[in-house]
Each structure stands twice: as structure tokens, then as C-alpha cells.
Amino acid sequence: MTLKFATSLPVQTGPAPDDFVLPKKFTKGKANRGPRFADDVWGLREFLPRTSRHTRVNFLLFEEGLQRHTAKEFAFALLRETPGSQLRPAKPTSLPQALTTLARVWTHLRTVGVERLQDVRREHLEALLPLLRSSTPAGVEDQVNALKRLAEFGPYLSYDRLTLRPWPYRTARQISGATSDHENSTPRIPEEIMRPYLAAAVFYVRLASRDLLAAREELARTREATKAQPLPAPFGREGSQTRRKIEQFIERRRAEGRGLPALPIERHHTAPDAPVIDGIVQAPNLAMIKHLSGTRSIHHLRPLLVAAGNELGWEPGGLPARALWPATGKPWRASLSATSMNTETVQLRVACWIVIAYLSGMRDMEIRELGRDCAFTELGADGRTRYKIRGRVYKNRKLSGDEVNWMVLDIVHEAVEVLKLINDDPTHLFGYRQGSGYVLLSTMPLRLKNFRDHLNLLFSTPEGPYIPLPMAEDLELDTELVDDVDSDGDDEATDEDPLAWSFDTRQFRRTLSWHIANQPFGVVAGTRQYKHASHVIFEGYAGTSASGFADEVAADKAVALLDYVEDLYHDWNEGGRSAGGAVKRVEAEFDRIRAELGDLPGVVASPERLRTMLRHLTRALHPGALNDCFHHADTAVCGKRAKAVGRPLPMLNMCLTCPNSRRSSIHLPRYRMSRDLAGEELKDTEHLPPHQQTAIGEFIAMLDGAIEELKDEDGARV
């Protein structure tokens, strides 16, 4: 039965109550067609990626009657129509958030006295603005866009619709007051935090995983062996087989000089009268002792175990943890119990996620949607093995995503193999059995923060926490992340120590992108976890632009180049010396910019305007360790002398005389280091032929000459 409502507007034909909500392309190959228009809750779980957090569209948020019916028609049209500025129909993944925002807007409209959309007037919109602006700029923008979309979808709403265009000459961003930065505003994880965090994740993947897998196998074996044991003799019989096994177990522990497995601190509530000394509950872990002794029921022998534990002592766990923590050379934890093993298995899953995320550049959704067969290798043109991950990109793509391959490091493949051993979901790498079904690892921001706290609990020293607190300047960040956010993201807010670094999933991709772009200017590439990452990973992304990561790296590289040119300008402006064929050309530009800015001592020039005026110099700039090249193909010496290889081939002796070359005091420390190394390595030349001795002498003299050119003896500029 089709609902009808009184209205002063021309009535338009809308969906029938029995119409299926989802277009056929979204339900192809599924067991059913999904919810119908008349349903007050549209359940979409079966049709969405498993990483989707919101899988229901709840129309109970709207008042029963016309408002709810209009909201359903709006959602129905979103999936099918493209009016106005819409480029393509909405994906089902976006519906829950879109309707939640619409419900909020409708509440505000009621507050300003509007009962129906057709009653909205300009004065209502102006009264609405203060209510909208009580939210964040991003929230204001979402709600204004919801109103604008309602107006665009008016032709598809049967009984109620807006009769005017809200704020026709202003965009939602202009109304919200939000600003756009050219540079990606997602915070980068500081290197002093990322280095130990990633090192611990790699430790879990490569070493701690062995202990956890061995413990799982041991528990599984003892469980099977225990099931095969006969039922225990009646409780209390001195000569029962169970009692003999427990007595033998106690004697073995005595001979080994070990205590009895203690009850995990998490289960202290099951023995509330037992004291806790140094964090160890002074009570037996009956479940662990039962497995280790090969018995089936030992509750009746608890007094015997308590007496033995008080004599021999209590130790946490019961299963060995043999992997050595590199910083101490000692086992990474005292031992493992069934409880701690389950806790550590969760941390191992998170560690695998961190390794994959940071050393691939994949988004959270792309990682957790990986299949069990995602890892494969190929032989490169140079004969080296290439490690790759096969996955799907979902952002701005069809609902099922597009298949893409990522180039990664071998440690990423190791993480995949570990996940295949600890997880048992038949289709998803990050899925595992829980209860009667399978679940995916989820709530990643919370898990990343818990992993940080867990590392601090395990590996901190009296000198400070293992994961250090961020520097003050790292905390002064814009918390409103205005870069892209996946509609299926998992970045909910959590309560935590305000001084600790707050991890979220977007920061890993952002940090990797920044480091790849900035490696020529930093020391990050020298650390173990970044070794070869720039070459291998970016080489892969050059062929997988569908992921969008190469564009992010290119954007960060442009910012890094501009930062470098700004450093060159400030060095020149403060009297730093320079040399090379491009000096006159580059410094003429610096002179022009300084004159236009009035960038004189005691005068504060606009940083934004300075960067705008310097930006054109980045187009031809190729920074180097000993020389900067402002490349012009017509005059480049390397291009003229390297025709045999078909491309420019920079060499130091060419660059020193090239008209495109510029050296500055920024390069001076590197020249000095090169001169010292050359003098040390080549000091013994007596056994060499004369022509080689001459070549070495000329090379060292060339370095000495470059150093003399840049030495700041009297403050004069060359």
C-alpha cells in the first residue's frame, strides 16, 4: 500500500513500498535482493565490504510519517540519481552517515520553527546558521551540503521538498569557515616515536610470533592429550591417577628450580582472597597446570597446589617465552599463560597491521580487506625478486573496489605469513574465528594506542617510556584533519593520556609518503626500518597510480623542494657563501625577491608570500649531497658528455664546472666529510702507479678547492 500525505506541492511518483532499495548491480551474486523501501531499518551488511563500520540505515531517527517517508525517498534517490553537481550515484557505504547528518539538520530546522521542507524560507536559513556553527567547521560543511543536496534531489521527493536553493552563491566551505591547506594536514608520526614503534612491531612479527605459535601448538597438543585421558578417580583418593600426575608435576618443577604457574592478574577476581606480590597472584593457575600435567580435573587438589606453590614460589604464565629483546638480551617477557597468549596474539595482529601499513602505504580499509592469497613474488628485469601484495582500492571506486598490486619489502610478506598462521578466516587475512563465526580485526585507532601502551608496559626502563612522549612542537598540531577520510574508516575518538602520541590509521600512509619525499634532505634512510624502502616501494607505486599514493608522495616532494629552496634563500640572505656556474642566475632571483619583499634586517617578510615567489625555482632544481643542479638541458655538461648512455649522468668533476651548478654553505659540512674520508682511505698511495697517484691527488685538491670557495672567513659573499 502506497502512503499518501497532504501537500500543497505537485505530487510526484515515488518508489513503491515493496521496491528493493539497492540497485541490482549491488546485489548481483548475493542470496537475496536486500531491504525494501518500506523497511524502517535498511540492513546492508551482506552487501558492503566487511571493513564497513556502519551497515544499517536507521530511519527511526526521523519522525514517523511524512518526514521519515521523505528521508527514505532521499536515500533511495541517492543510490540512483545524479542531479545538479552529483557526478555519480552514492555508494551504499555512504548512506548511514548521510542520513545521520540529515537527521541532525532536520532537528535544527524544527528548532527554528520549520515543520516541512516546503516551508523553509531565507529567514529560516539565516536563523539556522548559528545552530549549525555550534559544530566543528567540518560538521557545518556536512550539514550545509546536506541541505544543498536536498534541494538538488527535490524532483525525486514526492510530497515534501525544498522550494528554494539554500545559499546559492556560497559554497558549504565558505559558510563553514573551514580553510584548505595546500599541504596535507594529517599529522606525521615523529621519527623518535615511529622508530621504536616500528622496531617493536617488526620484533613481534619476526621473533615474538615464534613463541606465540609454539605456545598455541603446545596448548593444542596438551588439550588433545588431556581429552584422551580417562575420567579421574573419585575426588580425594590418595592413590588416584590425577593426584599422582599432579605430584609428579610438582616434583618436576622442584627439580627444575621453578615455581608453579600463577593465576593471571586479569583473573584475580576468581581468587579474591589470594595476596598479590610484585604483580603476581599467589594462587594456582588451575587451567594451565591441568594442561601442563595432562590431567582433566584438578579443582579438588587446589589445597595441594597452594601448599606446593607457597613452598616453591609462583611464576606468571607457564609456557616459555624464549625470544630475546634486543635492548636487554633477555626474554621479552617472563613466560606465557593461556590468557597472556591470547592478549599477545591480539598485539601480534596489530603489529602485522603496522608493518603492512607503514611499509606499503596502503589505507586501513585496503589492508583489512586483503585476502589470504594476497602475497606473491615476481622476478624483476634486474633479476632480483620483487615482493608484492595483491589487494583492492576502494576510495572513489565502485563498491567492490578495483584490483591493484603494491610493491613491498620482504618483511611485509613475513607479516602476511604470520597472519595466515594465527588467523583462520577462509577469505580475509585479518579475519579470525570468534564464537560461532568470523570477525575482522577492527577499531584500529584504539588498538594502535593499546599497542603503544603495551610496549611501554613491556619495554620501558627507569630512564623513561619505551615510546617517548612527543616534543611540544609535535603536539601543537591541527586536530581537525581535513585531508581525505574514508567513509568506511575506523578512526573513532578514544580517551587516553593527553601527553602521549595519539595514533590513527591515516598517519602511517602520510608519514611514509613524507619520508620518501624528504629522504634526500634527512637521515631517515640510514635506519634499519627504512632501508631500501624509498627505492622499492616508490618503484612499485610508479605503476600503481590507482592507489593514489604516488600522487601523495609527489605532493610531499614538491613541499620538500620548496622547503629546501627556502633554506637556500635564507642561507644566502644571512651572508652564506656560494659558488658554481648557476650562482649569478639564482642569486639574481634571490635579489629580486628580497627587493620586492623588503626582506631586510629588522623587517619581517611574509613567509607565505616568500614561498610563493620561490616556488618557480623548484621546477628545475635537483638537490644533491655536494651540489645543487638548477637544470637546463641546453647547457648541462652531463648531458653533452654522456650521450652514449642516452641520459644525463651527473659526476662531481662535471658539476663543478657546469653552468647549472650551485654550491652553498649548506654543502660545506658534506665536502669536509668527503675530504676527510678521502684523505683517510687514500693516504697510502706509494704502491700505486704514477698516473693513479696523480688522479687521487687531483681529486683531493678538487675537494680542497670546493671547501675554500665556501669557507666563511670574513662574511663576504662570493
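## Salt bridges and a helix pair

Arginine 594 and aspartate 591 both belong to helix α19 (residues 583-597), where three residues, about one turn of the helix, separate them. In this predicted model, their side chains meet in a salt bridge with an N to O distance of 3.5 Å; arginine 594 is partly exposed at 22% relative accessibility, and aspartate 591 is likewise partly exposed, at 39%. Salt bridges that share partners also join Asp40, Arg68 and Lys72 into one network.

The structure holds 25 salt bridges, among them the three pairs tabulated here.

| Pair | N to O distance |
|---|---|
| aspartate 425 and arginine 50 | 2.8 Å |
| aspartate 402 and arginine 397 | 3.1 Å |
| arginine 594 and aspartate 591 | 3.5 Å |

Aspartate 425 lies in the loop between α13 (410-422) and β14 (431-434), whereas arginine 50 lies in the loop between β1 (41-43) and β2 (56-58), so this pair ties together parts that are 375 residues apart in sequence. Aspartate 425 counts as buried, because its relative accessibility is 1%, while arginine 50 is partly exposed at 33%. In the pair of aspartate 402 and arginine 397, aspartate 402 is partly exposed at 25%, and arginine 397 is also partly exposed, at 25%.

Turning to helix packing, the axes of α4 (residues 122-132) and α5 (residues 137-152) come within 10 Å and cross at roughly 150°, and the two helices are therefore roughly antiparallel to each other. The contact is made by Leu125, Leu128 and Leu132 of α4 together with Val140, Gln143, Val144 and Leu147 of α5; these residues divide into six nonpolar, one polar and no charged.

Key: Residues numbered from 1 in each chain as written. Predicted model: local features only at pLDDT ≥ 70, side-chain atom pairs only at ≥ 80, totals over all residues. Heavy atoms only, no water. Axes fitted to C-alpha atoms, helices over the stretch in contact; angles between N-to-C directions. Helix = DSSP H or I, 4+ residues; strand = E, 2+ residues; numbered from the N terminus. Parallel < 35°, antiparallel > 145°, perpendicular 65-115°, else oblique. Contact = heavy atoms within 4.5 Å. Nonpolar A, V, L, I, M, F, W, Y, C, P; charged D, E, K, R; others polar. Salt bridge = Lys/Arg side-chain N within 4 Å of Asp/Glu carboxyl O. Buried < 20%, exposed > 50% of the residue type's maximum accessible area, 1.4 Å probe, protein only.
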